[in-house]
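Trainee: I have a chain open on my screen and would like to talk it through. Can we start with the aromatic residues?

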Amino acid sequence: MPLTSYTAGQVLTAASLNSNFTVAGGLQLVKAETAISAASSVTADGVFTSTYTNYRINLVYNTSTTNDVSLKLRTGGTSASTSYNRQTFQSTSTTNTGANATGQTSYLVGPNSNGTRRCYATIDVSGPQVADQTAFQVNVTLFQGDNAGRVYFIYGMHDAATSYDGFELLVSTGTFSGSYTVYGYGKTL
């Protein structure tokens, strides 16, 4: 929506002024940065609504063990534990590898840091509120002890025609710490 322009002598109304400060496009904050402290799992319910079709979760974390961080979609306070599929690409130094996994109980969103490294993950979630497959695109940067970086690209989906309103982040054993923030992609300009 374009900003309203005013001319000399024109009446300025509160509604007109307020609409100049309303931005519908771009990333919109849905859930403020939330700290994670030595948890085996954290949940965020009620964050996926019909207001947005697509979402971004920014996750910064450190795991206590060699267990990866995963995500499960949730509806009505219950996590879905079947039908997650993914293709993973990893690049370390000059070595590139790939892997595929289908029929998983959760969706991989980041490798373990084994208590020594910080990981940064950007998780794009497409259509969690739509009663159809939910797609994921994840980009992860992990810094190793020698400050050499490792990157992961994880693409896939949750193959269930269900509408979800939240998610769970978890590790299978041990704990993880850090923070996450949830944004919605605006539908209009």
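Trainee: Which residues form one aromatic cluster?
Mentor: Phe48, Tyr52, Tyr55, Phe167 and Tyr180. Rings of Phe, Tyr and Trp (its six-membered ring) pair if their centres lie within 6.5 Å; planes under 30 degrees apart are stacked, over 60 edge-to-face, the rest tilted. This is a predicted model, where local features need pLDDT of at least 70, side-chain atom pairs count only at pLDDT 80 or more, and totals for chains, interfaces and linings use all residues. Residues are numbered from 1 along each chain as its sequence is written, and side-chain values use heavy atoms, leaving out hydrogens and water.

Trainee: How many aromatic pairs are there?
Mentor: Six. In one of them, phenylalanine 48 and phenylalanine 167 have ring centres 5.9 Å apart and planes at 35 degrees, so that pair is tilted. Phenylalanine 48 lies in the loop between β2 (41–44) and β3 (54–63), and phenylalanine 167 is in strand β12 (residues 166–170), 119 residues apart. Strands are DSSP runs of E, at least two residues, numbered from the N terminus.

Trainee: Is phenylalanine 167 buried or exposed?
Mentor: Buried, at 0% relative accessibility. Buried means under 20% relative accessible area, exposed over 50%, partly exposed in between (1.4 Å probe, protein chains only).

Trainee: What about tyrosine 52 and tyrosine 55?
Mentor: They form an edge-to-face pair, 5.9 Å centre to centre with 85 degrees between the planes. Both tyrosine 52 and tyrosine 55 are buried.

Trainee: New topic. How much of the protein chain counts as buried?
Mentor: 39% of its 189 residues.

Terms used
Helix = DSSP H or I, 4+ residues; strand = E, 2+ residues; numbered from the N terminus.
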